[in-house]
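Subject: Structure for your review

Dear colleague,

Please find the structure below, together with its sequence. A summary of the findings follows it.

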Amino acid sequence: MSDPRLPVVVLISGAGSNLQALIDDNRQADAPLDIRAVITNRPAAAGLARARAAGIPAEVIDHTLYDSRDRYDAALQAAIDCYQPGLVVLAGFMRILTPAFVHHYLGRMLNIHPSLLPHYSGLQTHRRVLAAGGAEHGASVHFVTEQLDGGPVILQGRVPVLATDTEATLAARVHGVEHRIYPLAIRWFAQGRLHLHAGGAYLDGRLLPPHGATLP
């Protein structure tokens with residue numbers, strides 16, 4: 001009997017807290033994923049230990065050993081494709097991807113970003129929200145396209161910004177939301193409910209609004 005679970009490769013660069021959320025979610029009886037590998041560009045990434053503790057093959061493809069972004073992405077793509085994934089999950093993978101790489105996985109690569117896209121794309125989102133005096137912050141799951149943090153949004157989770165917040169406290173609150181919305185969006189994809197079509201994110205055959213769905 002063939003395995004009905006969706007084969008997945010997860011890319012990380014750091015601690016791998018969203019990887020851990022996926023691993024934990026995938027321990028449920030209705031686990032939808034076959035996490036075939038975790039790959040990082042940083043040999044010291046703490047998330048490698050999380051993968052190995054869960055019995056998931058873990059690889060390092062060190063970007064510093066390649067003399068161009070194109071060559072690195074070609075090597076990364078070759079490593080990913082050895083696992084024949086139906087979905088590539090970016091879980092804190094801190095690399096700007098080449099157009100050829102993105103095109104190869106278009107419609108089957110997701111990312112999570114710590115802001116309410118399209119606001120605050122890029123880095124240091126918590127600092128920027130606090131500096132701007134924002135009242136609300138959060139995280140967004142989106143399809144990956146060539147535009148940095150600009151692919152169609154699938155799902156968002158929101159948190160209030162408190163008067164007492166520091167970058168650390170706000171980041172911790174947003175991480176809690178990330179760990180809820182990423183496994184949910186990936187489940188939708190694994191269940192065949194979520195698709196990228198004609199430049200838009202569709203859930204259950206319906207085009208999602210620009211901000212995506214809202215966490216129930």
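How many aromatic pairs does the count come to? In this predicted model, the count is 2 aromatic pairs. Tyr66 and Tyr72 make up an edge-to-face pair, with 5.4 Å from centre to centre and 80 degrees between the planes. The angle counts as edge-to-face because it is over 60 degrees.

The two partners of this pair can also be described by their accessibility. Tyr66 has a relative accessibility of 33% and is therefore classed as partly exposed. Tyr72 is at 0%, so it counts as buried. The ring of Tyr72 has a further neighbour: the charged end of Arg95 sits over it, 4.7 Å from the ring centre.

I turn next to the largest pocket. Its volume is about 940 Å³, and 36 residues line it. Those nearest the centre of the pocket are Gly92, Phe93, Met94, Pro114 and Leu123. By class, the lining consists of 13 nonpolar, 16 polar and 7 charged residues. At least two lining residues come from each of α1 (17-25), β5 (109-113), α5 (125-132) and α6 (167-190).

Of these elements, α6 was also examined for its span. The helix α6 has 24 residues and extends 34 Å from its first C-alpha to its last, close to the 34 Å expected at 1.5 Å a residue. Just after α6, Gly192 adopts a positive phi of about 75 degrees.

With kind regards

Terms used
Residues are numbered from 1 along each chain as its sequence is written. This is a predicted model: local features need pLDDT of at least 70, side-chain atom pairs count only at pLDDT 80 or more; totals for chains, interfaces and linings use all residues. Side-chain values use heavy atoms; hydrogens and water are left out. Rings of Phe, Tyr and Trp (its six-membered ring) pair if their centres lie within 6.5 Å; planes under 30 degrees apart count as stacked, over 60 as edge-to-face and the rest as tilted. Buried means under 20% relative accessible area, exposed over 50%, partly exposed in between (1.4 Å probe, protein chains only). A charge sits over a ring if NZ of Lys or CZ of Arg is within 6 Å of the ring centre and within 35 degrees of the ring normal. On a 1 Å grid over the protein atoms alone, a cavity is a set of points where a 1.4 Å probe fits but cannot get out, and a pocket is an open set with protein on both sides within 12 Å along at least five of seven lines; lining residues have an atom within 4 Å of a point. Grid points are joined across faces, edges and corners, and a volume is the space filled by probe spheres set on the points. Helices (H or I, at least four residues) and strands (E, at least two) are DSSP runs, numbered from the N terminus. Ala, Val, Leu, Ile, Met, Phe, Trp, Tyr, Cys and Pro count as nonpolar, Asp, Glu, Lys and Arg as charged, and the others, Gly among them, as polar. The expected span of a helix is 1.5 Å times one less than its number of residues.
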